[in-house]
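Please read them beside the coordinates.

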Amino acid sequence: MVFEPPQRLARALGETAPEGDDWLAELPEVAHEAVAQRELTVERVQVPGGRSSLVVLVRTADGTPAVLKLAPRRARPESERAALAHWGGRGTVELLEPGSLGTEGVLLLERLHPDVSVRSLPEAKALLEAAGTLRRLWVDPPQGHGFETVAERTGRQARAMRAGAAADPEVAPLVEAALAAREELLAAPPEHKLLHGTFRQSKVLAGERMPWLAVGPDPVVGECAFDLARLVRDRVEDLIAQPSGAATTRRRVKRLAESLEVDRERLSGWTLFRSVESGVRARRVGREQDAELLLEFAGWL
């Protein structure tokens, strides 16, 4: 089996790889080793796949369908493992191998339907199902956890945003507004829950145990509004194309805040911060079309 990384993965990791990082070059050997250690039968590499990991559809020695996921250290796969173990399959894909076997960054997971996400549903239904899935994930983190906090993650992002604004004065007003919102929101967070961290419609796949289950967390501990904020801008290209996109966005914020009992203003503030952060990052790596969509969306908030 040739473990060729999909173009989407190679392009995304190429945009962010630090100098000297050779994970992609080592990936085929790591994948072969992981398969052999677990006595797996490989079916195929999932394409187009994700932006931070290689996903391989496999079967275990007893014939059980499963997924082998391989990710570089900067994607925090061991943090994902710890979060999935804590959730125990409640609202998320199930971890079939709680302990690390061999190489770091290799996860063996329950097989869902990789080509069927809630994005396949009509928009209103998709938001409802995604929000219901997200609610199940908001639990207290384990005692003595080592998960990154929202303050820590957004602090790192804020430094990159300031650098981006200095290099591109056009985005400076939005960056300043986003940074001001962050400072205000971090002053008095209402709760500290274990969050998915990168939740959106495409992260919710059809399953057998339950109709919909979340995958691909980048876990973080903080307030629920931070987690919900990424969902607000789902299908942003459709929102931008609508003449009433700004009004639709405000209604979406209101509806999601009410349905998940999250403060509307806090949700709006975190949506602003996360949209600007994503837009500045997209511009930094040359994804200009994505940057324009995200920054225009942020201007509505």
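1. Arg153 and Asp218 are both buried. Their side chains meet in a salt bridge, with an N to O distance of 3.3 Å. Arg153 belongs to helix H5 (residues 150-167) and Asp218 to the loop between S8 and S9, so this pair ties together parts that are 65 residues apart in sequence. The model is a predicted one, and the distances in this note should be read as values from that prediction.

2. Asp218 also forms a salt bridge with the side chain of Arg76, at 2.6 Å from N to O. Arg76 lies in the loop between S3 and helix H3 (77-87), while Asp218 lies in the loop between strand S8 (212-214) and strand S9 (220-222), so the contact ties together parts that are 142 residues apart in sequence. How exposed are the two partners, Arg76 and Asp218? Asp218 has a relative accessible area of 16% and counts as buried because the cut-off for that class is under 20%. Arg76, at 29% relative accessibility, counts as partly exposed.

3. Asp290 is partly exposed at a relative accessible area of 30%. Arg287 is also classed as partly exposed, at 24% relative accessibility. Elsewhere, salt bridges with shared partners join Arg76, Glu148, Arg153, Arg156 and Asp218 into one network. Over the whole structure, the search finds 24 salt bridges.

4. On the surface, Asp22, Glu26, Glu29 and Glu33 gather in a patch of negative charge. Asp22 is placed in the loop between helix H1 (7-16) and helix H2 (23-38). Is Asp22 buried, exposed or partly exposed? Its relative accessibility is 41%, so Asp22 counts as partly exposed.

5. Glu39 has a positive phi of about 55° and is found in the loop between H2 and S1. With a relative accessible area of 58%, Glu39 is exposed. Glu261 has a phi near 55°, again a positive value in a residue that is not glycine. The position of Glu261 is in the loop between helix H9 (245-259) and helix H10 (264-284). Glu261 is exposed, with a relative accessible area of 70%.

6. Which peptide bond is cis, with omega near 10°? The bond in question runs from Val47 to Pro48. Pro48 sits in the loop between strand S1 (41-45) and strand S2 (54-59).

7. Strand S4 (residues 106-110) is mostly covered, with five of its five residues buried. Strand S3 (residues 65-70) pairs with S4 in the antiparallel sense, over five bridges. Within this pairing, Leu70 has Val106 of S4 as its bridge partner.

8. To collect the charge picture: Asp218 takes part in salt bridges with Arg76 and with Arg153, and these residues belong to a network that also includes Glu148 and Arg156. Asp22, by contrast, belongs to the negative surface patch with Glu26, Glu29 and Glu33.

Conventions. Residues numbered from 1 in each chain as written. Predicted model: local features only at pLDDT ≥ 70, side-chain atom pairs only at ≥ 80, totals over all residues. Heavy atoms only, no water. Patch = residues over 30% accessible without salt bridge, like charges linked within 9 Å, V, L, I, M, F, W, Y side chains within 5 Å. Areas by Shrake-Rupley, 256 points an atom, 1.4 Å probe, with all protein chains shown as cover. Salt bridge = Lys/Arg side-chain N within 4 Å of Asp/Glu carboxyl O. Lys, Arg positive; Asp, Glu negative; His and termini not counted. Charge placed at Lys NZ, Arg CZ, Asp CG, Glu CD. Helix = DSSP H or I, 4+ residues; strand = E, 2+ residues; numbered from the N terminus. Buried < 20%, exposed > 50% of the residue type's maximum accessible area, 1.4 Å probe, protein only. Pairing = 2+ DSSP bridges.
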